[in-house]
Amino acid sequence: MAKKENKNIADLKFGATIEYAPAPESNAHIEIKKKYELFIGGEFVAPEKGKYFPTINPATEEKLADIAKADATDVDKAVKSARYAYDNYWSKISGSQRGKYLFRIARMLQERAREFAIIETMDGGKPIKEAKGFDVPMAINWFFYYAGWADKIEYAVPGKNPEALGVAGQVIPWNFPLMMAAWKIAPALAAGNCVVLKPAETTSLTALKLAELIQEAGVPPGVVNIVTGEGDTGAAIVNHADVDKVAFTGSTRVGKMIQKSLAGSGKKLTLELGGKGANIIFEDAAIDQAVEGVINAVYFNQGHVCCAGSRLFVQEGIAETVLQKLKDRLKTIRIGNPLDKNTDIGAINSKKQLDTVQDYINIGINEGGKLYQDKCSLPKKGFWCKPTIFTNVSQASRVVQEEIFGPVLTVQTFRTIDEVVELANNTYYGLSAGVWTDKGSKVFQVGNQLKAGVVWANSFNKFDATSPFGGFKESGFGREGGLHGLTAYLK
Amino acid sequence: MKDKQSKGAANLQANYKINTGHTAIPKTYKLYIGGAFPRTESGRYLKMKNKKDNSILNISHGSKKDFKAAAAAARSALGGWAKRTPYNRAQITYRIAEMLEGRKMQFVAELEAAGVSKNEAQKDVEAAIDLLVYYTGWADKFQQIYSTVNPVSEPYFNFSTGVPVGVVSVIAPKESGLWGFLAAFIPAFVGGNTVIVLAEEKFSACAISFAEVLNSSDVPGGTINIITGKRKELLAPFTTHMEVNSVILYTEDKTEIIAVQESAAVNVKRTSIRHFADEKQSPYLIFETLETKTTWHPMGGSDGGGAKY
């Protein structure tokens, strides 16, 4: 059976038999400055110590710009300007006025969507079709959604007297740079807070572009401050005495450090940390759709997704078929120039991350896992990793237990619902899960038992500004999106 | 010396009045773990004086190992309790109130024994009963306040509900014998969580007697576990154990807050620091013990990842 299908699919080997003509998205009119300063108090200012670090295009290894490196003094300036803005105007104007600034940001971002998408792709390595079709529209969606909450806060928490917290310190990761900035800034501002935000060091550009846009939108100076730098810059924000709220998205390791360092500080904390999402396919599922869903679950954004469906569980009777179909599908995946509109998988975000992913692939092999990668060719320059499948793995395998944050899928089989629930929940994480079945009742039977903040039925990696997102257990606490995401920024 | 002692003994003997009626049977105060009343595995006790009649009682001086046993019991009770219907959880909570009402005088006496005035003790017990009735009502309603149906831009039925965070350890307030003790954990219990409660030392007897109320109210074993002992010693196991998902701590002591929040980071435990003075019954105290679970259910056919690939 499997063999026969293989032969059929062989005829459809687009990658091998049909060459796609390049379809690059033009970046001709995109303006990237040589040097970017810190956005503090509504102005772009040079860092006190005058230090800068380069940001590169991970697909070409070419330098795009120099980015200011903020130290504790710069962070202090940013926090002070946020506090000043909060005390003197942001907390003084009405919710409806606040909301209009957010609506304005959403609209202006919409007007410049293409530009932001291209820069996102150049700086981060993600396929342009994802930046254009997902990251930027989501960011816009977030600003537009929360804009409307600004004058309706009292309805969000009935019986309470909601108040803003003050100054929010926000640290975001490199996988969805602009979208993460929107997830953080929009609800904070809507609830009446001012923010100091730090983008990840490999992907500062779109956050700084957003800073320009925020300046152009006439948002009062100091309401949004964006400081760039590495981990120590983030630590300076998180531990600043005048920060009332900390929101962090990133690894569980760093999340725990932050949680510990904030002990007794009285700061409100929300953490959106790592994951090891289970994607479960039952025998009664629509198999082709499920296979497509698995590909999307784990290879979306090169697997740099905290909620990626990186653990696949297939019911025994269809395991062989599903695996074959996955392998066949990998043959048709296009990996390469992220700016090409046909590209499915772009560049790994950084050399460091590529090393991490490759280390895990080696660990998987050494643990006895069976590796599958398609024989596709990779560009000479840049950071690339072929989509990878590991079979012959067990619960104890490190590639099954630990978050890899790359295009690596592990495949395990199961027989019964009880067994797969046990397997799926046997992790420290609890962010996401997918359930593929034709039976609605089974979706709920299984979904209810899964310890995961988001359950996708016959789908994966779906997001919406109205839909609360966040984890159980060591995947963090607090939600982003929807009404629940708003309360994270209220007293 | 010896002379003096024997003289004192002689005095006692001379003044002793024989009670020819009923000789009271004092109760052995044990722990409450997994629906049973074991003694502490440590064999230790805390001597306490009944402030009303000066009699002596020995309270179990619980240990880290007792806590471990309670955590295991709470974990295994979790599935069953979370699966009870909200209506059933409401009825059980109401049953606790009924049982408490029936034994009101015992709790008044026990609070008096801990040094509370009769008037205050009576108020405390009555408030505790009212609190149980209040949260009974929330058991099958909080979900409607907490949940949302989210109007996403794709053809999915998307909704978020509150599900229990899991095993919650609770450090009861020092200020109140019964109302404060119940206010600390009843919201978590009503929310479908299982709890391990550290009773305030001076109200230990009252807390263990309350376990008897629970035991006769159809509360499944392991759902509520009560440990007595030294707060200083037990704070660490209550907040570091990997089986615990969330910690509720009543305190004004900054050092305690730091210690608890630091150890919570070991497995990203949620912490809820509460101040007894601000305590007020509220569904938001239930919400603090919930996780939000969001489900995307397709409407009109499954979607294999859409147009992303």
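Colleague: How many bridges join β9(A) to strand β10 of chain A?
Modeller: Five, and the two strands run parallel. Keep in mind that this is a predicted model. β10 of chain A covers residues 268-272.

Colleague: Which residue is the bridge partner of Lys245(A) in β10(A)?
Modeller: That's Lys268(A).

Colleague: And which unit do β9(A), α10(A) and β10(A) make?
Modeller: A β-α-β unit, and it's right-handed.

Colleague: OK, what about strand β6 of chain A, how does that pair with β9(A)?
Modeller: In the parallel sense, over four bridges. β6 of chain A is residues 167-171, and Gln170(A) in particular stands opposite Ala247(A) of β9(A).

Colleague: How many residues of β9(A) are buried?
Modeller: Five of its five, so to speak: the strand spans residues 245-249 and is mostly covered.

Colleague: Which way do they point?
Modeller: Lys245(A), Ala247(A) and Thr249(A) go one way, while Val246(A) and Phe248(A) go the other, and all are buried. In a regular strand, side chains alternate between the two faces of the sheet.

Colleague: Switching topic: what's the domain assignment of chain A?
Modeller: Domain 1 is 2-24 + 275-457, and domain 2 is 35-273 + 473-487. Their centres, taken over C-alpha atoms, are 31 Å apart.

Colleague: How many residues does each give to the contact between them?
Modeller: Domain 1 of chain A gives 26 residues and domain 2 of chain A gives 19 residues. By class, the domain 1 side has eleven nonpolar, eleven polar and four charged residues.

Colleague: Which strand of chain B does β17(A) pair with?
Modeller: Strand β10 of chain B, residues 290-298, in the parallel sense over three bridges. Within that pairing, Trp456(A) has Trp296(B) as its bridge partner.

Conventions: Residues numbered from 1 in each chain as written. Chains lettered and ligands numbered in written order. Predicted model: local features only at pLDDT ≥ 70, side-chain atom pairs only at ≥ 80, totals over all residues. Pairing = 2+ DSSP bridges. Domains from an automatic or database assignment. Contact = placed C-beta atoms within 7 Å. Nonpolar A, V, L, I, M, F, W, Y, C, P; charged D, E, K, R; others polar. Buried ≥ 20, exposed ≤ 12 C-beta atoms within 10 Å, placed from the backbone. Right-handed = clockwise from strand over helix to strand, strands pointing away.
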